[in-house]
Amino acid sequence: MNVDKTDFESPHVELKNVTFSRGERVIYDDISMVFPKGKITAIMGPSGIGKTTLLRLIGGQLYPDSGDIIVAGQNIPQLSRKGLYSAREKMSMLFQSGALFTEMNVFDNVAFPIREHTKLPEDIIRTMVLMKLEAVGLRGAHQLMPNELSGGMARRAALARSIALDPELIMYDEPFVGQDPISMGVLVRLIRNLNTSLNLTSIVVSHDVKEVMGIADYMYIIADKRVIGHGTKEQLLASESPLVQQFLKGLADGPVPFHYPAPSISQDLMQG
Amino acid sequence: MISKKVELLVGFFVALGIAALMFLALNVASSGMSGSGETYNLYAKFQNIGGLKVRSSIKVGGVVIGRVEEIKLDTEDYAPVAKLAIDAKYNNFPDTSSLSILTSGLLGEQYLGLEPGFIDETVGILGEGDFIEDTKSALVLEELIGQFLFSQGNE
Amino acid sequence: MDWIQNLGRNTIERFTAIGRATFMLIGAIVAKPNLVKGFPLFVQQVYVIGVLSLVIIVVSGLFIGMVLALQGYTVLVDYGAEDSLGQMVSLSLLRELGPVVTALLFAGRAGSALTAEIGLMKATEQLTSLEMMAVDPLRRVVAPRFWAGVFSMPILAILFSSVGLLGGHLVGVEWLGVDHGSFWSIMQASVQFEGDILNGIIKSFVFAIVVTWIAIFRGYDAIPTSEGISQATTQTVVQSSLAVLGLDFVLTALMFGG
């Protein structure tokens, strides 16, 4: 799959000059991004720069200080509460922890959004849930409670829940963190397959360069409150920016320094 | 999705609560004069009501027939007036009846004792809003002692 | 100057917390209730909050009633007034101990569990994920728990008082030999339904609102780490116990003081 110019003309999600700060600390400074429809777009960057915050901004859980966040033609920060809730019915988010409801079994977890938002009869819900679970390979586990699942299985069950109502947009928050290589492979394949079969717009937030390179159609690299590089896999690899190169190759020192900002070591030691 | 067992136990819990409330209401609280029955009002003026309070009981021969509903001061002669709520069942006390403030036991609560008077043609029956004329005030211990000492001194 | 600044900061923090708690409560109870979906959630929470607290309430009620009778007897017998034991036990239970001890036990048993549960739901992103599924966590999580707490505690308090009376009867009449007839008749002569029983229930209702509110808010507002949740749980027990005892004084002064 490739991305061409036309994809950017009618994007699914668009951030225009967004500035966001938490207290005194500026997280994003005048950032602009475009997420084409039906593609997998990845957001990469070092830990602790608020990649999850970006997803929450898109989901309308946080409000930017300034700027527009446009999802499917609607400006999220300006929506009323009701409008925001109906916009959220068309988007979905896979949380880092899975966020399965601990007091329900896998089946009820997946059925939850369907029961909340539709008035379908139980037998249809059952069929829908089992199909979603089949898609993630957990149909046999529908009676298990979340605490009986392994980390990878919990994330797959949560994935089944996030696609239960066939959303148009799905956001993955660090889907590969803490997974063994096999479940990592399974998740990578699932994200790819779901994207093509349901024609979803996917946004993946991650710092696992290898896995992301394998599935993303387009990538953004964020560091230091702004986008430091974006493009397809080839474009990024060919990038001359030392920041991008440092991140992609995983070098310890470079433009992003190894050391947290501090006075010189001799000065610090002398004080003791 | 809640199980039958949960529903059953919650039902049991609520039923238990209602049963306990009934137990408290019927077995523990005074069921007779709780203000719900029909009553009529009489008034009585005293010189001194001592420790009489709102809700003190009114008894005839030890049987409770009503309660004091309100106590206030007559602004003309500054004497306390008690408003009594009497059970409508007991509605033929003659207006010669007398009312005294008594004490149950040495340290007990004060209550009103109603002594029904004689009946003949000239005597009316007490009805809503009437005053009981013949009242005896509370015994105030200090006054009693004072009188006792005074009479001792006279001898 | 430091302590003035600290005082200022603490005051501001207190008041903003009260503000956030009020917004949470209003969001939870003003939102249009969905009876078809809401009622099963409510029943489930009455089970968790009320039914599961039954054992501790009943056992404590029994023992407190027994101790009251035993202590009361030793004092009253000196004045030859042991017949009034029923009055003493019933009035102490209905007016004070029933509502207050129930509220304290409730804060420790159900309140702390509520805080921990909601705090954990927050820490594991369940609340956020509800929001992202376009389900309002205030209505889905907070409201049923709040109503269940407000509904359950008065029932528990009534049960506590009743069981306590039976315990008092057991010790006073069966064991210490107070006359059965006078135990109950003196009690009946002095206890009034509105004055004592109803006021006790009203007290317990007020405590229920305050304790459940504090418990839920502490969970909802907890810092989503294991440390934050354990801190929030402690705060629930401390703050709701203090609130119950303080409010008890105010309510008693209003109800029985005049």
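Trainee: Where does B:F148 lie, and what makes that stretch a helix?

Mentor: B:F148 lies in helix 2 of chain B, residues 141-154. A helix here is a DSSP run of H or I with at least four residues, a strand is a run of E with at least two, and both are numbered from the N terminus. Mind you, this is a predicted model, where local features need pLDDT of at least 70 and side-chain atom pairs need 80 or more, while totals for chains, interfaces and linings use all residues. Residues are numbered from 1 along each chain as written, chains are lettered from A and ligands numbered from 1 in written order, and side-chain values use heavy atoms, leaving out hydrogens and water.

Trainee: What makes C:S90 count as buried?

Mentor: Buried means under 20% relative accessible area, exposed over 50%, and partly exposed in between, using a 1.4 Å probe and protein chains only. C:S90 has a relative accessible area of 0%, so C:S90 is buried. This residue sits in helix 4 of chain C, residues 85-123. Beyond neighbours within four places in sequence, C:S90 is in contact (heavy atoms within 4.5 Å) with B:V28, C:L165, C:M187 and C:V191.

Trainee: And C:D248, buried or exposed?

Mentor: Its value is 10%, so C:D248 is buried. You'll find C:D248 in helix 9 of chain C, residues 226-256. Setting aside residues up to four places away in sequence, C:D248 touches C:E96, C:V100, C:K203 and C:F207.

Trainee: Why is helix 9 of chain A called mostly covered?

Mentor: Helix 9 of chain A spans residues 242-249, and six of its eight residues are buried. Those are A:L243, A:V244, A:Q245, A:Q246, A:F247 and A:L248. Their cover includes strand 3 (40-44), helix 7 (209-215), strand 9 (218-223), strand 10 (226-231) and helix 8 (233-237) of chain A. Just past the helix, A:G250 takes a positive phi of about 70 degrees.

Trainee: How do you know which strands are at the edge of the chain B sheet?

Mentor: Two strands pair if DSSP finds at least two bridges between them. Eight strands of chain B form an open, mixed sheet in the order 7-1-4-3-2-6-5-8. Strand 7 (131-132) and strand 8 (134-136) of chain B each pair on one side only, and they are the edge strands.

Trainee: What shows that strands 1 and 4 of chain B pair?

Mentor: Strand 1 (residues 39-45) and strand 4 (residues 79-87) of chain B share seven bridges, in the antiparallel sense. Within that pairing, B:Y40 stands opposite B:I86 of strand 4.
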